[in-house]
Amino acid sequence: MKHVNEEYSWIISGSQKFLFDDREFVATAGDVIVIPPNVAHSITILEATEFVDFFAPARENWLQGKDQYLRG
């Protein structure tokens, strides 16, 4: 996925794998990942994880309720 928003992900506990076109990175408790706009990426939860994600600017599809991949 990629989006026009800058994404910030703060890992509180657990771990996630971030996959980019040219690299992958495992983030663990205390890490903060910043993903620039329009950078293709995927995220895999590796274990029970608490995290905070936020986007700048706010994601329009979330504000409009069009984020069906989250609402299932």
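**Close-up views of a predicted model**

**View 1. Phe 54, at 46% relative accessibility, is partly exposed.** Keep in mind that everything shown in these views comes from a predicted model. Phe 54 belongs to strand β6, which covers residues 50-56. What does Phe 54 form with Tyr 8? The answer is the topic of the next view.

**View 2. Tyr 8 and Phe 54 form a stacked aromatic pair.** A pair of aromatic rings is described by the distance of the centres and the angle of the planes. Here the centres are 4.7 Å apart, and there are 10° between the planes. The planes count as stacked because that label applies to angles under 30 degrees. Searching the whole structure turns up one aromatic pair, and you're looking at it. Tyr 8 sits in strand β1 (residues 6-13) and Phe 54 in strand β6, so the pair ties together parts that are 46 residues apart in sequence.

View 3. Five bridges link β2 (residues 15-20) and β5 in the antiparallel sense.

**View 4. Gln 16 is a buried residue of strand β2.** Its relative accessible area is 0%, so Gln 16 falls under the 20% limit for buried residues. Which residues does Gln 16 touch, leaving aside those up to four places away in sequence? They include Ser 9 and Ile 11, then Phe 25, Val 26 and Ala 27, and also Ile 43, Thr 44 and Ile 45. Leu 46, Thr 49 and Phe 51 are on the list too.

**View 5. The charged end of Arg 23 sits over the ring of Phe 20.** The distance to the ring centre is 5.2 Å. Phe 20 also has a bridge partner in β5, namely His 41. Arg 23, for its part, forms a salt bridge with Asp 22, with 3.7 Å between the closest N and O atoms.

**View 6. Arg 59 lies over the face of Phe 55.** Here the distance to the ring centre is 5.0 Å.

Notes: Residues are numbered from 1 along each chain as its sequence is written. This is a predicted model: local features need pLDDT of at least 70, side-chain atom pairs count only at pLDDT 80 or more; totals for chains, interfaces and linings use all residues. Side-chain values use heavy atoms; hydrogens and water are left out. Rings of Phe, Tyr and Trp (its six-membered ring) pair if their centres lie within 6.5 Å; planes under 30 degrees apart count as stacked, over 60 as edge-to-face and the rest as tilted. Helices (H or I, at least four residues) and strands (E, at least two) are DSSP runs, numbered from the N terminus. Buried means under 20% relative accessible area, exposed over 50%, partly exposed in between (1.4 Å probe, protein chains only). A charge sits over a ring if NZ of Lys or CZ of Arg is within 6 Å of the ring centre and within 35 degrees of the ring normal. Two strands pair if DSSP finds at least two bridges between them. A salt bridge is a side-chain nitrogen of Lys or Arg within 4 Å of a carboxyl oxygen of Asp or Glu. Contact means heavy atoms within 4.5 Å.
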